[in-house]
Amino acid sequence: RDANVPVNGTILREKALEIADRLGLKDFTASNGWIDRMKKRHNLVYRSLSGESSSVDEATIEEWKKSLPNLTKGYKPKDVFNADETGLFSNLLPDKSYVSKGDSCHGGKMSKLRLTVLLCCNSDGSEKVTPLVVGKSRKPRCFKNVRSFPTNYEAEKKAWITKALFEDFLQKLNKKMKFQNRKIILFIDQCSAHPDLQLSNVRVEFFPANCTSKLQTCDLGIIRSFKVFYRKQLARKAVAELENGNLYDACKLKLSVLEAMQFISAAWRSVT
């Protein structure tokens, strides 16, 4: 904690298992019960390091759900897709940590390096499209001499998804499905960056306005799971750098865009 590493249950468990392995304790599992007892012994509490709601029309949701079988008629579950983008502060560590009761809970200056990640997968979980990462720099220095990238990458001055970028994503997805001789249906929200294109192998359908929090599968846990896996990797790297003596304050941890893309790819593969 002196080095501003937010410590949660996952990090605590992994460190305990590492120590147990070094000590040759084969039967130690670092169970939830062990963590609870350790918190009580050492007077630890879980706190935030720093301090969307929209109107949802339930009638519209129910009406749309009733129309869903007709919309997806003729499509197998593997051919029903959803795509959505999310902002990702690629160097931002967890905002909660275990501390001793009575101690103040302060973190260091938070990183503001932001990327946008476009995620797309099908309804039965059998296919996840390679993520599209949007950053501010057109040619990051870390890309020099790199020929193969873990994700797709585009640049935009505010690191946002634009209509042109999303249209390019749709065209590439359509080309892929055409090559596979497949026809799919893709559900997306009514974001202004999402064009209504007529494509040969990808049929685009829009969710009702202000209802994606209840209807869109990416918003119902997929993006959250992706970010959990991403931040888990980030926390592991911070702990490893601290233990190796390469870092004295976790808030100074800086990932390059390429490293962030590698973490994004690994986190996306971990989502099931």
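Helix α3 (58–71), strand β2 (80–89), strand β4 (114–122) and helix α6 (222–243) each contribute at least two residues to the lining of the second largest pocket. Helices (H or I, at least four residues) and strands (E, at least two) are DSSP runs numbered from the N terminus. The model is predicted, so that local features need pLDDT of at least 70 and side-chain atom pairs count only at pLDDT 80 or more, while totals for chains, interfaces and linings use all residues. Residues are numbered from 1 along each chain as its sequence is written, and side-chain values use heavy atoms, with hydrogens and water left out.

The second largest pocket has a volume of about 390 Å³. A pocket is an open set of points on a 1 Å grid over the protein atoms alone, where a 1.4 Å probe fits, with protein on both sides within 12 Å along at least five of seven lines; lining residues have an atom within 4 Å of a point. Grid points are joined across faces, edges and corners, and the volume is the space filled by probe spheres set on them. The lining comprises 23 residues, of which N82, N122, S123, T217 and I222 lie nearest the centre. Strand β2 gives the largest share, 3 residues.

The largest nonpolar core has 27 residues, and Y153, F226, Y230, I264 and W268 have the most contacts inside it. Such a core is a set of buried Ala, Val, Leu, Ile, Met, Phe, Trp, Tyr and Cys residues joined through side-chain atoms within 4.5 Å; buried means under 20% relative accessible area, exposed over 50%, and partly exposed in between (1.4 Å probe, protein chains only). Two or more residues of this core come from each of β4, β6 (152–155), α6 and α7 (257–270), with α7 giving the largest share, 8 residues. A second, separate core of 22 residues includes L118, F169, I188 and V202.

The structure holds 14 salt bridges, each a side-chain nitrogen of Lys or Arg within 4 Å of a carboxyl oxygen of Asp or Glu. In helix α1 (residues 9–23), E18 and K15 lie 3 residues apart, about one turn of the helix, and their closest N and O atoms are 3.2 Å apart. K15, E18, R22 and E243 are linked in a network of salt bridges. K214 and E58 also meet in a salt bridge (2.9 Å, N to O). This pair links distant parts of the chain, 156 residues apart, with K214 in helix α5 (residues 212–215) and E58 in helix α3.
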